[in-house]
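Subject: Handover of the structure

Hello,

I am passing this structure on to you. Please look through it first; my notes on what was found follow below.

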Amino acid sequence: MATLIAPSNHSPQEDAEALRKAFEGWGTDENTVIVILGHRTVYQRQQIRRVYEEIYQEDLVKRLESEIKGDFEKAVYRWILEPADRDAVLANVAIKSGKNYNVIVEIATILSPEELLAVRRAYLNRYKHSLEEDVAAHTSGHLRQLLVGLVTAFRHVGDEINPKLAQSEAEILHDAVKEKKGSYEETIRVLITRSRTQLVATFNHYREIHGTSISKKLVGEGSDEFQRALYTAIRAINDPIKYYEKVVRNAIKKVGTDEDALTRVVVSRAEKDLKIISEVYYKRNSVLLEHAIAKEISGDYKKFLLTLLGKED
């Protein structure tokens with residue numbers, strides 16, 4: 001369930017004109033930017049971009065980048081892009097930073113096969129080389145195998161489960177936890193080839209046999225990048241909602257909020273399932289997500305995220 005509140009009928013021309021007006025004079029009228037863009041669907045936002053460019057002969061995204069700053073600008077920029085283009089940008093930033101491979105894993109495991117394909121197309125279009133090429137160039141070893149495998153996968157979507165396979169592959173995962181020689185290649189094969197439904201059956205079987213979830217066993221004090229990526233993949237495949245709740249919780253809990261992670265979840269899920277993520281957050285933390293966010297951030301950035309959450313400041 002989405003949190004975005006948008007009008008069913010709007011005039012892209014009126015919106016474009018109001019935004020242009022907001023950019024004129026001594027400083028930007030940020031409130032108008034929030035009120036308009038924070039209440040428009042992805043289709044409506046693309047209409048506004050198109051009409052704005054037709055009337056004023058300039059790219060609205062570039063204009064916004066020059067008008068607003070900081071975390072507010074980053075959030076608005078990511079919001080105004082089409083989802084596949086946004087994920088292409090997020091993936092590129094993650095690759096370049098060299099430390100945020102969980103974002104690549106998140107995109108590759110949570111999106112549908114068609115959505116992931118659209119991201120790969122958008123990435124190629126924007127950066128003139130493929131997502132898998134860039135991932136491979138910045139990683140090595142098992143981490144490279146896993147990430148390239150995930151971003152190039154086109155998973156079967158269906159409810160069929162093979163219980164025997166779930167049983168045998170739960171043991172393959174167990175070997176990986178025990179760091180048995182050669183077990184990582186097999187674990188990667190399982191994670192990049194099986195359907196989500198089959199994998200969830202495998203994870204459930206692991207829990208029944210070993211009395212704990214596999215993700216709990218994977219990450220400890222000395223875990224490396226590969227193990228952390230494996231952990232993210234398993235959590236994101238197993239329960240995307242709980243996964244996102246934890247991303248948000250960690251972003252808020254951090255000493256100095258992790259604005260990038262917070263923005264990523266709010267912006268990418270506001271038209272999908274942010275309402276459910278908020279409910280899960282409340283159940284786990286006994287605090288409304290909008291209150292937790294409002295306490296940690298401020299200014300126009302705060303107003304904008306709360307608007308996307310369907311809560312006015």
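Which residues do ring pairs link into a cluster? The cluster consists of Phe23, Tyr52 and Tyr56. Before going further, please note that this is a predicted model.

Aromatic rings

A pair of aromatic rings is described by the distance of the centres and the angle of the planes. Six aromatic pairs are present in the structure. One of them is formed by Phe23 and Tyr52; it is edge-to-face, with 6.3 Å from centre to centre and 75 degrees between the planes. This pair links distant parts of the chain, since Phe23 sits in helix H1 (residues 12-23) and Tyr52 in helix H3 (residues 42-56), 29 residues apart. Phe23 has a relative accessible area of 4% and is therefore buried, the cut-off being under 20%. Tyr52 is buried as well, with a relative accessible area of 0%.

Domains

The domain assignment gives four stretches: domain 1 (12-68), domain 2 (83-152), domain 3 (163-238) and domain 4 (241-298). Taken over C-alpha atoms, the centres of domain 1 and domain 4 are 27 Å apart.

Rolling a probe the size of a water molecule over the atoms shows where empty space is left. The largest pocket has a volume of about 700 Å³. Its lining is made up of 22 residues, and those closest to the centre are Asn100, Asn102, Arg228, Thr232 and Asn250. At least two lining residues come from each of helix H7 (101-110), helix H15 (225-238), helix H16 (240-253) and helix H17 (259-269). H15 gives the largest share, six residues. Sorted by class, the lining of the largest pocket holds nine nonpolar, four polar and nine charged residues.

The second largest pocket contains about 450 Å³ of space. It is lined by 17 residues, and Ser213, Ser215, Lys216, Arg235 and Lys242 lie nearest its centre. Helix H13 (196-210), helix H14 (214-218), H15, H16 and helix H18 (274-285) supply at least two lining residues each. By class, this lining has five nonpolar, three polar and nine charged residues.

The contacts below leave aside neighbours within four places in sequence.

Ala122 is part of helix H8 (residues 113-127). Its relative accessibility is 13%, so Ala122 counts as buried. Ala122 is in contact with Ala84, Asp85 and Ala88. Between the C-alpha atoms of Ala122 and Val89, which are 33 residues apart along the chain, the distance is 9.0 Å.

Thr202 belongs to helix H13. Is Thr202 buried or exposed? Thr202 is buried, because its relative accessible area is 0%. The contacts of Thr202 are with Ala166, Glu169, Ala170 and Leu173.

Thr307 is located in helix H20 (residues 299-308). With a relative accessible area of 2%, Thr307 is buried. Thr307 makes contact with Ile34, Gly38, His39 and Glu312.

Regards

How values were computed. Residues are numbered from 1 along each chain as its sequence is written. This is a predicted model: local features need pLDDT of at least 70, side-chain atom pairs count only at pLDDT 80 or more; totals for chains, interfaces and linings use all residues. Side-chain values use heavy atoms; hydrogens and water are left out. Buried means under 20% relative accessible area, exposed over 50%, partly exposed in between (1.4 Å probe, protein chains only). Contact means heavy atoms within 4.5 Å. On a 1 Å grid over the protein atoms alone, a cavity is a set of points where a 1.4 Å probe fits but cannot get out, and a pocket is an open set with protein on both sides within 12 Å along at least five of seven lines; lining residues have an atom within 4 Å of a point. Grid points are joined across faces, edges and corners, and a volume is the space filled by probe spheres set on the points. Ala, Val, Leu, Ile, Met, Phe, Trp, Tyr, Cys and Pro count as nonpolar, Asp, Glu, Lys and Arg as charged, and the others, Gly among them, as polar. Domain bounds come from an automatic or database domain assignment. Rings of Phe, Tyr and Trp (its six-membered ring) pair if their centres lie within 6.5 Å; planes under 30 degrees apart count as stacked, over 60 as edge-to-face and the rest as tilted.
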